[in-house]
Amino acid sequence: MVRGLMKFPGISTKLLNISVDSLCKFRNLEKAETLLIDGIRLGVLPDVITYNTLIKGYSRFIGIDEAYAVTRRMREAGIEPDVATYNSLISGAAKNLMLNRVLQLFDEMLHSGLSPDMWSYNTLMSCYFRLGKHGEAFRILHEDIRLAGLVPGVDTYNILLDALCKSGHTDNAIELFKHLKSRVKPELMTYNILINGLCKSRRVGSVNWMLRELRKAGYTPNAVTYTTMLKMYFKTKRIEKGLELFLKMKKEGYTFDGYANCAVVSALIKTGRAEEAYGCMNELVRSGTRSQDIVSYNTLLNMYFKDGNLDAVDDLLEEIEMKGLKPDDYTHTIIVNGLLKIGHTGGAEKHLARIGEMGMQPSIATCNCLIDGLCKAGHVDRAMRLFASMEVRDEFTYTSVVHNLCKDGRLVCASKLLLSCYNKGMKIPSSARRAVLSGLRETVSHQAARKTHFKIKAAIECNALIYP
DNA sequence: GTAGGGTTAG
């Protein structure tokens, strides 16, 4: 290909850049490097764009250090990094929430006489938001950006709106939306961000209002809009309504990426409709649009486990390995849970150990499943040992342990744990409290139940004072 | 750089 480029001097570097970009997009960094070397050999010299493209690829798929190493190579070639170079590096660091690295790159950029642009600041703000440092993010918006003489664009507002929604400030997001319309034109993405936030906080009326706003602005809902709505229906147990929307999407000719399908399949599996789930998955495979990412594989894996189709499970695990996909926390949780469901408690425990051997920390969800499964199989002591070894626990952990301890007659232990939840201000379903109180009444005494009841009440009131 | 999909308790 590079030999061909030689016939077109002048545009050859441009073509080289396009080729490097396309190879990088498909994670093929090795080939991109080969192309670069071939080019130099034949006199097609890389420019700043070539190197920036390569850096973007490294920081997205390989690592920030590898990406940074390319800046040395470009300097050696006599090409100075520009703002785009730093933006690619910063976004790679921000993606991994490496705040110190992001700030260090910002400093370095300033020291080399470059001024961060709106893109740099957007990335920095989004990093602060995702780390929960909202104050810092707003300081960037109100001070740094203004001092730099830059004007926030619609993408800046998208980041702000998403952060507000995801931190539970949906009302502030709506207020901001009303104000921003005088400054920038909202994009379809802007509406989708808001619809997603409203769906997650189950504000159906506002969702419909936002959908009308979306159309009023001349947009048509896209696959993202619909998938967001699908999820809301499934989460509020309106399976039929969700399936209706799914059919409507298909009739309107939306091309399916895996997103909507995964949501539908998992909803069907959760409600025991395995046959329809298989149908949905097969359709995706037939149409050739089955996406090859780990999420789709997790969905399939869960489906086969829940259906007891263990041969398919084996084949799929093999396929994941062959494709070089990296199992994630979800994969491990599905496997552990699947093994427990078929009565393989030992296998599930072994799998948890294997996660550690692979140098990973098992997720809370994975441990929760194992704890619950061990209890249900009658191994409460083994479960409690795992519980004790966990550094972080969530409401699932406690709910499951409290219920299982009650079932096992260990009411003193159960009520102690339940109280610790209330003292921490942790949200715990009322069914756990009922299980403890009625257990105490039946197996200990009415008085013990009453005492615990008052302690719980006191803890709730205390928390109401702390977090009004 | 910013939007949608996958796991666990009752």
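**Entry: salt bridges**

I started with the salt bridges and got a count of 20. I'm keeping in mind that this is a predicted model.

Next I picked a few pairs to look at. Glu-80 and Arg-75 meet through their side chains, with 3.5 Å from N to O. How open are the two partners? Glu-80 counts as exposed because its relative accessibility is 53%, and the cut-off for exposed is over 50%. Arg-75 has 35%, so I put it down as partly exposed.

Then I looked up Glu-319 and Lys-323, whose side chains also form a salt bridge, at 3.3 Å from N to O. Glu-319 is partly exposed at 26% relative accessibility. Lys-323 is partly exposed too, with a relative accessible area of 45%.

Salt bridges with shared partners tie Glu-136, Arg-139, Glu-143 and Asp-144 into one network. I zoomed in on one of its links: Arg-139 pairs with Glu-143, and their closest N and O atoms are 3.9 Å apart. Where do these two sit? Both are in helix α9, which covers residues 134-147, and they are four residues apart, about one turn of the helix. I noted Arg-139 as partly exposed at 31%, and Glu-143 as partly exposed at 42%.

**Entry: a positive patch**

I went on to the surface charges. Which residues gather in a patch of positive charge? My list reads Lys-200, Arg-202, Lys-231, Lys-235, Lys-237, Lys-270, Lys-306 and Lys-341.

Lys-270 belongs to helix α16, residues 258-270. Its relative accessibility is 72%, so Lys-270 counts as exposed.

Arg-202 is in a loop, between α12 (188-200) and α13 (204-216). What does Arg-202 touch, leaving out residues up to four places away in sequence? I found Lys-235 and Thr-236. I also looked at Tyr-233, which is 31 residues from Arg-202 along the chain, and the C-alpha atoms of the two are 9.6 Å apart.

**Entry: a buried threonine**

Last, I turned to Thr-397. It is in helix α24, residues 395-407. Is Thr-397 buried or exposed? Thr-397 is buried, because its relative accessibility is 2% and the cut-off for buried is under 20%. I then looked up its contacts, setting aside neighbours within four places in sequence: Thr-397 meets Ile-364, Asn-368, Ile-371, Phe-387 and Met-390.

Conventions:
Residues numbered from 1 in each chain as written. Chains lettered and ligands numbered in written order. Predicted model: local features only at pLDDT ≥ 70, side-chain atom pairs only at ≥ 80, totals over all residues. Heavy atoms only, no water. Patch = residues over 30% accessible without salt bridge, like charges linked within 9 Å, V, L, I, M, F, W, Y side chains within 5 Å. Areas by Shrake-Rupley, 256 points an atom, 1.4 Å probe, with all protein chains shown as cover. Salt bridge = Lys/Arg side-chain N within 4 Å of Asp/Glu carboxyl O. Lys, Arg positive; Asp, Glu negative; His and termini not counted. Charge placed at Lys NZ, Arg CZ, Asp CG, Glu CD. Helix = DSSP H or I, 4+ residues; strand = E, 2+ residues; numbered from the N terminus. Buried < 20%, exposed > 50% of the residue type's maximum accessible area, 1.4 Å probe, protein only. Contact = heavy atoms within 4.5 Å.
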